[in-house]
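The sequence and the model are shown first, and the description follows.

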Amino acid sequence: MIATALRKFAPQALVPTLPNVVPIRPGQAGGEPARDPAKTHRTIFLSDTHLGTRGCKGDALAQFLRTHHCETLYLVGDIVDGWRLKRAFYWRPSHTEVIQEILRKAQDGTRVIYIPGNHDEALRPYAGLNLAGIDVRFEAVHRTADGRDFLVMHGDYFDGVVRYAKWLAHLGDWAYDGALWVSERISDIRRWFGLGHWSLANYLKRTVKNAVEYIGRFEDAVARETEARGLDGAICGHIHHAAIRRIGRILYCNDGDWVESCTALVEGPDGALSVISASGEVLVQERPAFATAVM
Ligand SMILES: [Mn+2]
């Protein structure tokens, strides 16, 4: 079953590495080193690791998974980048290490739940199945230690571009890689025709403004859906922008990505949520006032 899934998912290339994907590392004979309480969480949520692409910070992620522990690990989509794997295969030993660490956690008793995103949508037909100890789900509802229910999903269904025009999203993916090249060519052409200087800075400022508007619309759409389902909050990824933000009565959480920011969302033993960095530093926390208000 897993081999079939992986073959469909990553033709040829990933399957021959399977015999190596055994979650055993050398130097563990003397047992696990003591777990750092600051790195032991009730739940870890991470997404947008984009394994199989140059951008993936595989070393940092493998190190994070080795040193952080949890009862439940949610993989909130875009874990392996299927779109890019179809075109150009970029697989590093660190990417295999990440998969080894995830399988190792599953073997050691961590419940691992994989919610595919748009870049690994080849796994969506396997929702409801257990592959190599990993539960594949289309989405999930996670109950925190303090009894709040969070909708856990990748989030691409709220992205108008991805939802309504898939070819546009693919174009966007490609355009991202070529953006700088194109802007350089535009400058060259303008120079040849004796036109004035074209400002990349101004172009980027406009793009960033659009990006900020886009993030706002995305967060609002997620919050509306969460409210409609009568849940307390949402945990998603997709937009590569970690956040914990109150929108009306909904707590909107995004676990970020491992391409640029290298962040994860973690739940402490009391149910409090925070965004942490690869080294475990707390970057965003729920307001303590909120944590006590719901107790
Ligand atoms: Mn995505």
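## Overall make-up

The structure is a predicted model. The protein contains 8 helices and 13 strands. It has 295 residues, of which 32% count as buried. Among contacts between residues at least 6 apart in sequence, 68% join residues at least 24 apart.

Strands of a sheet pair through backbone hydrogen bonds, in either a parallel or an antiparallel sense. In this protein, 8 strands form an open sheet with mixed pairing, and their order is E4-E5-E3-E2-E1-E11-E12-E13. Strand E4 (130-131) and strand E13 (282-285) are the edge strands, each of which pairs on one side only.

Strand E1 (residues 40-46) is mostly covered, with 5 of its 7 residues buried. E1 runs parallel to E2, and 6 bridges join the two. Within this pairing, Leu46 stands opposite Leu75 in E2. Strand E2 (residues 69-75) is also joined to strand E3 (residues 111-114), again in a parallel arrangement, by 4 bridges. Here Leu73 has Val112 in E3 as its bridge partner.

Which strand pairs with strand E11 (residues 263-267) in the antiparallel sense over 5 bridges? The partner is strand E12 (residues 273-277). In this pairing, Leu265 stands opposite Val275 in E12. The hairpin of E11 and E12 has 5 residues between the strands, and in it Gly271 takes a positive phi near 95 degrees.

E12 also pairs with E13 in the antiparallel sense, over 3 bridges. The hairpin of E12 and E13 has 4 residues between the strands, and its Gly280 takes a positive phi near 95 degrees.

## The sheet of five strands

A further open sheet is formed by 5 strands in the order E6-E7-E8-E10-E9, and its pairing is mixed. Its edge strands are strand E6 (140-143) and strand E9 (243-247), each pairing on one side only. From one strand to the next, the twist averages 25 degrees.

Within this sheet, strand E7 (residues 149-152) and strand E8 (residues 233-236) run parallel and are joined by 3 bridges. Phe150 stands opposite Gly233 in E8.

## The packing of helices H2 and H4

Two packed helices are described by the angle between their axes and by the distance between the axes. How do helix H2 (residues 58-67) and helix H4 (residues 93-107) pack, in terms of angle and axes? Their angle is about 20 degrees, and their axes are 8 Å apart. Because angles under 35 degrees count as roughly parallel, H2 and H4 are roughly parallel to each other. H2 passes H4 in a left-handed crossing.

On the H2 side of the contact are Gly58, Asp59, Leu61, Ala62, Leu65 and Arg66. These residues meet Ser94, His95, Glu97, Val98, Glu101 and Ile102 in H4. By class, the contact of H2 with H4 has 5 nonpolar, 3 polar and 4 charged residues.

## Two loop residues with positive phi

Two residues other than glycine deserve a separate note: His50, whose phi is positive and near 50 degrees, and Asp78, whose phi is positive and about 55 degrees. His50 is placed in the loop between E1 and H2. Asp78 is found in the loop between E2 and helix H3 (82-87).

Conventions:
Residues are numbered from 1 along each chain as its sequence is written. This is a predicted model: local features need pLDDT of at least 70, side-chain atom pairs count only at pLDDT 80 or more; totals for chains, interfaces and linings use all residues. Axes are lines fitted to C-alpha atoms, for helices over the stretch in contact, and angles run from 0 to 180 degrees between N-to-C directions. Angles under 35 degrees count as roughly parallel, over 145 as roughly antiparallel, 65 to 115 as roughly perpendicular and the rest as oblique. A crossing is left-handed if the near helix is turned anticlockwise from the far one by less than a right angle, and right-handed if clockwise. Two residues are in contact if their C-beta atoms, placed from the backbone, lie within 7 Å. Ala, Val, Leu, Ile, Met, Phe, Trp, Tyr, Cys and Pro count as nonpolar, Asp, Glu, Lys and Arg as charged, and the others, Gly among them, as polar. Two strands pair if DSSP finds at least two bridges between them. A residue is buried if 20 or more other C-beta atoms lie within 10 Å of its own, exposed if 12 or fewer, and partly exposed in between; C-beta atoms are placed from the backbone.
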